[in-house]
Structures are given as structure tokens and as C-alpha cells.
Amino acid sequence: EKLQKQREKSSKPTFSYEYFVPKTTQGVQNLYDRMDRMYESSLPQFIDITWNAGGGVLSRLSTDLVSTAQSVLGLETCMHLTCTNMPVSRIDEALQSAYDSGCQNILALRGDPPVNSEWTQVQGGFKYAKDLVKYIRAKYRDHFDIGVAGYPEGHPGDDTDDSELIDYLKQKVDAGASFVITQMFYDADIFIKWCKKVREAGIDIPIIPGIMPITTYAAFLRRAQWCDIHIPDEFMKQLEPIKDDDQQVRETGTSLVVDMCQRILDSGYVTHLHLYTMNLEKAPLMILERMNLLPDQEELDGENTLAMLPWRKS
Ligand code: FAD
């Protein structure tokens with residue numbers, strides 16, 4: 001029975017949480033408490049912390065959050081790091097701080113300009129995420145596992161065709177990336193087709209799907225539009241009639257997202273779900289609970305024997 005249980009445990013999909021950097025000190029304290037609570041109740045494999053492109057004040061909070069999450073709270077942490085419009089010295093500082101805290105995972109990104117403005121290239125700076133991947137690999141060798149962003153429905157505001165985008169993804173992998181985290185999506189068919197193309201292009205590192213819970217109707221529509229992703233008819237059919245009742249939207253939205261997650265897991269392309277928490281506790285936990293992925297009491301009480309990260313070989 002014990003062996004059977006162990007087998008089930010090792011084939012169970014794993015999951016992780018993304019948190020963004022709050023704007024106030026109180027917000028940061030609340031986030032530490034939330035991270036800690038969510039860890040204690042659900043044992044995510046890792047957490048990641050977003051980065052505010054441009055390297056301003058909030059990005060300093062990113063490095064603080066990463067440091068504290070990794071070395072004080074003891075969570076396996078991944079730091080997002082963007083590379084455009086920021087001096088290389090700022091990138092160096094961030095990497096050094098992550099290194100010093102024991103963090104071993106970086107999500108290497110290009111970054112977006114602030115709304116309604118454009119980047120001006122920093123002298124000696126980087127142009128694409130692949131430049132940052134190369135830089136980290138050259139400087140830190142194998143210390144960091146490096147993730148890169150993938151876009152199953154293309155990059156917003158960019159009409160480059162699918163195969164070229166997969167080619168750009170391949171360039172990031174060839175530069176040294178060890179995992180891909182995707183943009184949010186609600187259409188399982190599009191995601192599965194994209195995974196097939198990614199594999200056909202010879203990209204064999206883990207694909208980690210970014211899952212956005214549905215909390216309110218307005219936020220659901222806004223985020224989908226912002227990322228320029230397709231909303232399947234079924235989502236609109238079920239959510240539109242109840243759009244003014246937040247609790248019902250969350251219930252129905254959870255069921256829709258759970259079905260989508262089950263379909264992508266069944267496709268065999270993924271074994272891990274990365275939940276965009278938006279710094280909220282309830283909606284991601286509802287998804288995991290419905291999927292039966294939350295640990296039982298024995299696992300919660302036992303020694304912290306978390307399964308290996310999807311991209312670590314040993
Ligand atoms: P790249 O892969 O460098 O691509 C950028 C653009 O250049 C694309 O349009 C691509 O088509 C094009 N391109 C790439 N390579 C080439 C080439 N060789 N020749 C010509 N064109 C090329 N942003 C933040 O600011 N902070 C965050 O914390 C953050 N986290 C994210 C997490 C995830 C999982 C994802 C999917 C995105 C995240 N972003 C974040 C957004 C991201 O920074 C933007 O989408 C950005 O516009 C692109 O970043 P990238 O790393 O994909 O860039």
C-alpha cells in the first residue's frame with residue numbers, strides 16, 4: 001500500500017505560484033504572510049516573483065522579496081529579470097543578490113516599456129531575452145536554471161508568424177534556457193497544438209503552462225484582452241449570464257479552468273501547473289483542491305520531501 005501511495009505521489013502533477021511585487025511596505029508584509037500560509041497549506045514546488053521592467057524602485061523590492069522568500073522563508077524561489085532599458089550594472093546587482101540568497105532559478109525576459117511609451121536602447125544593454133540568457137550562462141555557468149517566456153498564441157502586438165516565434169524560442173533555448181513558462185491562455189486546443197509544434201522544432205525542455213484563475217468577470221475579460229488570447233465560446237456562454245455575481249463567476253470560472261488544466265495534463269505535454277495568483281489565495285487553491293492536487297495531512301505533517309523541480313535532473 002505504501003509503495004502504491006508513493007507511485008501515485010510521484011506521478012501526481014506538481015504546481016507553483018507566481019506573485020507580483022506590491023507597491024507598499026504593508027503590501028509586502030501581507031505578501032510574506034500569504035506566501036508562508038500558502039506554502040504551509042499546499043506545498044508548491046516553487047514560487048516566482050515578477051520584475052518591474054526598467055529597474056526602478058519596485059525592482060529593488062523584487063530582489064528583497066526573492067532574498068527573503070528563498071533564505072528566510074526557505075521557499076524554492078525563481079526571480080523574474082528583464083533586460084531591456086536597464087543598465088547592465090543593475091542586472092549584475094540583481095543576479096548577485098539572487099546568488100547570495102541561494103536562489104537558483106531565473107526567468108530571463110526582455111520586458112515591456114511602460115504603457116504609452118517606448119524604450120530607448122541603453123548603451124551596452126541587451127535587446128532580446130536570449131541576450132540575457134547567454135549573459136547569465138556565461139557569468140554563472142550552471143549555478144542558475146534559466147527559464148524563458150513562451151507564447152502559445154503569439155506575442156501581443158507582434159504579428160510575427162507562429163513558426164518564426166517558435167524559432168525565436170529555440171534561439172533562447174540554444175542560448176542556455178532550461179525551461180519555458182507560458183503566457184496565460186484559456187483555449188486548451190491552441191495550447192496543445194503549440195506544444196506539438198514546439199516539440200517538432202526540437203525543443204525538449206519542460207513546458208510549464210501559466211494558469212490564470214478566474215476571479216471576477218471584468219478581470220477575466222481585461223486580462224484576456226491585454227494578452228490578446230482567444231476565449232473559447234464555452235467560457236463566454238457560461239460566464240456572461242452570471243457576470244454580476246462574483247461568487248458564481250469564481251465557482252464557474254474555477255470549473256472551466258479545472259477542465260482546461262485536466263485536458264492539457266491529459267495531452268501528456270505538461271506535468272506541472274504554474275498558477276498566476278495575482279497575490280490572491282482563494283482562487284488558486286480552489287483550482288488545486290478541485291483537481292485533487294493539494295497534499296493530504298500525512299504529506300503536510302511529513303518531512304518536506306518535495307518532488308524534484310520539473311527542470312532539475314538531479
Ligand atoms: P523576447 O523573447 O526577447 O522577444 C521579444 C520580442 O522580440 C518578441 O516580439 C519576439 O517576437 C521578438 N524577437 C525575439 N527574438 C528575435 C530575433 N532573434 N529577431 C527578431 N525579433 C525577435 N514582463 C515584465 O516586465 N516583468 C515580468 O516579471 C514578466 N514576467 C513574465 C512572465 C511570463 C511567463 C511571460 C510569458 C511574460 C512575462 N513578462 C514580464 C512580459 C515580457 O517581458 C514581455 O512579453 C516582453 O514583451 C517579451 O519578453 P520575452 O522575454 O518574451 O522577449
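# Burial, strand pairing and the ligand shell

Student: Which residues come nearest to the ligand?

Tutor: Of the 22 residues around the ligand, Thr50, His80, Arg110, Ala129 and Ala149 come nearest; a residue is near a molecule if its C-beta atom, placed from the backbone, lies within 6 Å of it. The model is predicted: local features need pLDDT of at least 70 and side-chain atom pairs count only at pLDDT 80 or more, while totals for chains, interfaces and linings use all residues. Residues are numbered from 1 along each chain as its sequence is written.

Student: Which element supplies the largest share of the shell around the ligand?

Tutor: Helix α6 does, with 4 residues. At least two shell residues come from each of β3, α6 (162–174) and β6 (179–184). Helices (H or I, at least four residues) and strands (E, at least two) are DSSP runs, numbered from the N terminus. By class, the shell has 9 nonpolar, 9 polar and 4 charged residues; Ala, Val, Leu, Ile, Met, Phe, Trp, Tyr, Cys and Pro count as nonpolar, Asp, Glu, Lys and Arg as charged, and the others, Gly among them, as polar.

Student: Why is alanine 283 called buried?

Tutor: A residue is buried if 20 or more other C-beta atoms, placed from the backbone, lie within 10 Å of its own, exposed if 12 or fewer, and partly exposed in between. Alanine 283 has 20 C-beta neighbours inside 10 Å and therefore counts as buried. Alanine 283 belongs to helix α11 (residues 282–290), where Pro284, Leu285, Met286, Ile287 and Leu288 are also buried. Elements covering the buried residues of α11 include β1 (14–19), α2 (25–42), α10 (246–266) and β8 (272–276).

Student: What does alanine 283 touch, not counting residues up to four places away in sequence?

Tutor: Alanine 283 touches Pro213, Thr215 and Arg250, a contact being a pair of C-beta atoms, placed from the backbone, within 7 Å. Between alanine 283 and arginine 250 the C-alpha to C-alpha separation is 7.3 Å, although they are 33 residues apart in sequence.

Student: What makes β3 and β4 a pair?

Tutor: Two strands pair if DSSP finds at least two bridges between them. Strand β3 (residues 77–82) and β4 share 5 bridges in the parallel sense, with cysteine 78 opposite asparagine 105. The chain crosses from β3 through helix α4 (residues 88–101) to β4 in a right-handed β-α-β crossover: with the strands pointing away from the viewer, the path from the first strand over the helix to the second runs clockwise. Strand β4 is also joined by 4 bridges to β5 (residues 145–150), which runs parallel to it.

Student: How do you know that β4 is covered on both faces?

Tutor: Asn105, Leu107 and Leu109 on one side and Ile106 and Ala108 on the other are all buried. Isoleucine 106 touches Cys78, Met79, Leu81, Ala98, Ile136, Phe144 and Ile146, not counting residues up to four places away in sequence.

Notes
Two residues are in contact if their C-beta atoms, placed from the backbone, lie within 7 Å.
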